Amino acid sequence: MKISNLLQTTTILVFFGFLASTSTLRAQNREESRFKVQGNCEMCKERIETALDVKGMVVADWDVHTKELFVVYNPKKIKLSDIHKLVQNAGHDTDCGLAPAEAYAKVHGCCKYREEPEEVGHKGHGHD
């Protein structure tokens, strides 16, 4: 094998080795979780996901139909318990606790999941 081919092969192997180690490091700084979050509609989805627009969060996706929140986060920057608290403080109960009464009181009437949602005010709020 010629020296130039050997150098080229070595360079390629080093490059791919670096990419693999970088991807591994990045993967180690991310964790995923799924948990139930109470809500009713697209307004709830927006409120929940907006509450998680903070440092350390990578993905926050709440499913209106399953009531399940999927999160990807950096555990060095935010704890899962903090994620639950942010959602609860936005007015939504999670698997780990209830939203504070004052936060729940602020959600729109159609978003009240602890009782039957109000029938008024549904237009323009993204309901299915």
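**Overall layout**

Read from the N terminus, the elements of the protein chain follow the order α-β-α-β-β-α-α. The model is a predicted one, and the points below describe it by topic.

**The chain as a whole**

- The protein chain has 128 residues, of which 30% count as buried.
- Among contacts in the protein chain with a separation of 6 or more, 49% are made by residues 24 or more positions apart.

**The sheet**

- Three strands form an open sheet in the order β1-β3-β2, and their pairing is antiparallel.
- Strands β1 (31-36) and β2 (57-63) are the edge strands, each pairing on one side only.
- On average, and with direction ignored, neighbouring strands of this sheet are turned by 10 degrees against each other.
- Six bridges join β1 to strand β3 (residues 68-73), and the two pair in the antiparallel sense.
- Opposite S33 stands V71, a residue of β3.
- In general, the strands of a sheet pair through backbone hydrogen bonds, in either a parallel or an antiparallel manner.

**Helices packed on the sheet**

- Helix α2 (residues 42-51) packs on the sheet and touches β2 and β3.
- The direction of helix α2 makes about 160 degrees with that of β2.
- Helix α3 (residues 80-89) also packs on the sheet, where it touches β1, β2 and β3.
- The direction of helix α3 makes about 135 degrees with that of β3.

- Residue H84 lies in helix α3.
- H84 counts as buried because its relative accessibility is 5%, and the cut-off for buried is under 20%.
- When its neighbours within four places in sequence are left aside, H84 is in contact with F35, T94, D95 and C96.

**The loop between β2 and β3**

- K67 is located in the loop between β2 and β3.
- The phi of K67 is positive, at about 65 degrees, although K67 is not a glycine.

How values were computed. Residues are numbered from 1 along each chain as its sequence is written. This is a predicted model: local features need pLDDT of at least 70, side-chain atom pairs count only at pLDDT 80 or more; totals for chains, interfaces and linings use all residues. Side-chain values use heavy atoms; hydrogens and water are left out. Two strands pair if DSSP finds at least two bridges between them. Helices (H or I, at least four residues) and strands (E, at least two) are DSSP runs, numbered from the N terminus. Axes are lines fitted to C-alpha atoms, for helices over the stretch in contact, and angles run from 0 to 180 degrees between N-to-C directions. Contact means heavy atoms within 4.5 Å. Buried means under 20% relative accessible area, exposed over 50%, partly exposed in between (1.4 Å probe, protein chains only).
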